[in-house]
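My notes follow in the order in which I checked them.

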Amino acid sequence: MEEYAREPCPWRIVDDCGGAFTMGVIGGGVFQAIKGFRNAPVGIQHRLRGSISAVRIRAPQIGGSFAVWGGLFSTIDCGLVRMRGKEDPWNSITSGALTGAVLAARSGPLAMVGSAMMGGILLALIEGVGILLTRYTAQQFRNAPPFLEDPSQLPPKEGAPAPGYPSYQQYH
């Protein structure tokens, strides 16, 4: 399975790191805005101020965490592509597992195993859904009827008058 929309490997790390940061800041900003609004004292001014404060403090931290995950994942993925010599779903699944393990290393071996399993399972689900969607859409186009040609562009049938000439039935 070829990925045609991805950057080549060294640039993919930067691209994924930036994309993960952006996704973390936006998603974290929305989540923190709601959380800050709900946890602020009563009154619209207090709630809006609490919402803005929570976004300003926490959204960059969440974005940074996402960026670290995305950068580490892409680095491991590129290393596996280089080492194995091919790009397939197993690279992503293994990268997810290793990323989970590395990020949980400070919590001990048991946490590393749990995080590795979660990362591998999560990426296996994502890759599986991607493969299923690709196969489903490919089947959709395989069974489609051929494109119909424009009848005005077809050559005339034998015995039929050429376009622009009156037919025999019009006069009789």
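I sorted the lining of the largest pocket and found seven nonpolar, three polar and five charged residues; a pocket here is an open set of points on a 1 Å grid over the protein atoms alone, where a 1.4 Å probe fits, with protein on both sides within 12 Å along at least five of seven lines, and lining residues have an atom within 4 Å of a point. Nonpolar covers Ala, Val, Leu, Ile, Met, Phe, Trp, Tyr, Cys and Pro, charged covers Asp, Glu, Lys and Arg, and the others, Gly among them, are polar. This is a predicted model, in which local features need pLDDT of at least 70 and side-chain atom pairs pLDDT 80 or more, while totals for chains, interfaces and linings use all residues. Residues are numbered from 1 along each chain as its sequence is written, and side-chain values use heavy atoms, without hydrogens and water.

I noted that D16, M23, W69, F73 and L123 lie nearest the centre of this pocket, and that α1 gives the most to its lining, with five residues (helices are DSSP runs of H or I, at least four residues, numbered from the N terminus).

I then looked up salt bridges (a side-chain nitrogen of Lys or Arg within 4 Å of a carboxyl oxygen of Asp or Glu) and found that R12, D77 and E87 are linked in a network of them. D77 and R12 meet at 3.4 Å, N to O; D77 lies in helix α2 and R12 in helix α1, so this pair ties together parts 65 residues apart in sequence. For R12 and E87, the closest N and O atoms are 3.1 Å apart.

Definitions and conventions:
Helices (H or I, at least four residues) and strands (E, at least two) are DSSP runs, numbered from the N terminus.
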